[in-house]
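Here are a few notes to read alongside the model. They follow the charged side chains and who pairs with whom.

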Amino acid sequence: MSDRHPNWWVRQWHSFSAALVFYTCLPVPASWTLDFSGMAKFAPIVGIAVGILLGSIDALLTIAGAPSLTASAAVVVAAIALTGGLHLDGAIDLADGLAVLDPQRRLEVMRDSVAGAFGVMAAVAIVVLKVAALADLSGDRAFALMAAAGWGRWGQVVAIVRYPYLRTQGKGSLHQTHKAPRELLPGAIALVALSLAHLNAHPDRWQMGVGALVFGAVFAIGTGAWIARKLGGHTGDTYGAIVEWTEALLLVTLSIVEG
């Protein structure tokens with residue numbers, strides 16, 4: 001039993017390392033062992049880590065005297081750079097696919113690497129909403145970034161676990177060997193802990209902590225359910241769209257809650 005316990009932790013570390021490589025552009029040592037098959041459950045934790053980096057960038061820009069709008073735009077661009085545009089690309093492809101009236105052709109259109117008009121409009125809408133919402137947040141910006149990035153990726157895990165995968169190949173197929181409900185637990189625990197930590201540190205601003213917890217879960221689950229209703233399931237592109245739209249909607253909501 002003493003041999004199995006350390007091995008379990010090693011396997012989890014390999015999965016987390018793979019999640020860092022897959023979901024971000026952050027460099028990791030070439031010597032690290034990567035287990036891509038079990039990485040999805042760590043996506044929300046990677047999201048929180050991305051939020052910490054973005055919050056740090058935002059703090060440095062504030063110290064340097066950058067106006068709120070400028071800092072917000074820079075942070076949103078940094079978020080796209082940190083992920084290599086992986087999720088935003090999925091949101092673009094989904095918008096182009098849903099613009100097609102014939103449901104049978106939607107997946108075919110989503111495979112096309114050329115962005116169409118609806119995809120571009122979706123990308124612009126997502127970026128504008130994020131920048132505007134972040135600029136309207138006078139405080140708790142780092143917390144909002146962590147919560148948005150974490151809940152967006154938890155919504156992706158919900159879609160992986162709950163809905164069928166619509167392609168036989170593709171990046172999203174890596175997740176299909178781990179679809180048990182327990183895959184939701186690591187991210188859920190981390191996100192609940194994040195809100196509890198905020199509530200403990202800032203009890204006078206409890207609306208932000210509670211709002212992130214409640215609306216984060218609603219948007220994460222609801223976005224994936226809406227897409228599944230439109231397509232009958234999910235693809236790698238729709239996983240990315242869940243991340244982007246959940247982030248945007250939660251940031252907008254938190255800006256309203258704070259106001």
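Is arginine 205 buried, partly exposed or exposed? Arginine 205 is partly exposed, at a relative accessible area of 31%. (Buried means under 20% relative accessible area, exposed over 50%, and partly exposed in between, with a 1.4 Å probe and protein chains only.)

1. Some ground rules. This is a predicted model, where local features need pLDDT of at least 70, side-chain atom pairs count only at pLDDT 80 or more, and totals for chains, interfaces and linings use all residues. Residues are numbered from 1 along each chain as its sequence is written, and side-chain values use heavy atoms, leaving out hydrogens and water.

2. Searching the whole structure turns up five salt bridges (a side-chain nitrogen of Lys or Arg within 4 Å of a carboxyl oxygen of Asp or Glu). One of them joins arginine 205 to aspartate 140, with the closest N and O atoms 2.9 Å apart. Arginine 205 sits in the loop between α8 and α9 and aspartate 140 in the loop between α6 and α7, so this pair ties together parts 65 residues apart in sequence. Aspartate 140 is buried, at 11% relative accessibility.

3. Next, lysine 130 and glutamate 244, whose closest N and O atoms are 2.6 Å apart. Lysine 130 belongs to helix α6 and glutamate 244 to helix α10, 114 residues apart (helices are DSSP runs of H or I, at least four residues, numbered from the N terminus). Lysine 130 is buried at 7%, and glutamate 244 at 6%.

4. Arginine 153 also pairs with glutamate 247, at 2.8 Å between the closest N and O atoms. Both are buried. Together, Lys130, Arg153, Glu244 and Glu247 form a salt-bridge network.

Key
Helices (H or I, at least four residues) and strands (E, at least two) are DSSP runs, numbered from the N terminus.
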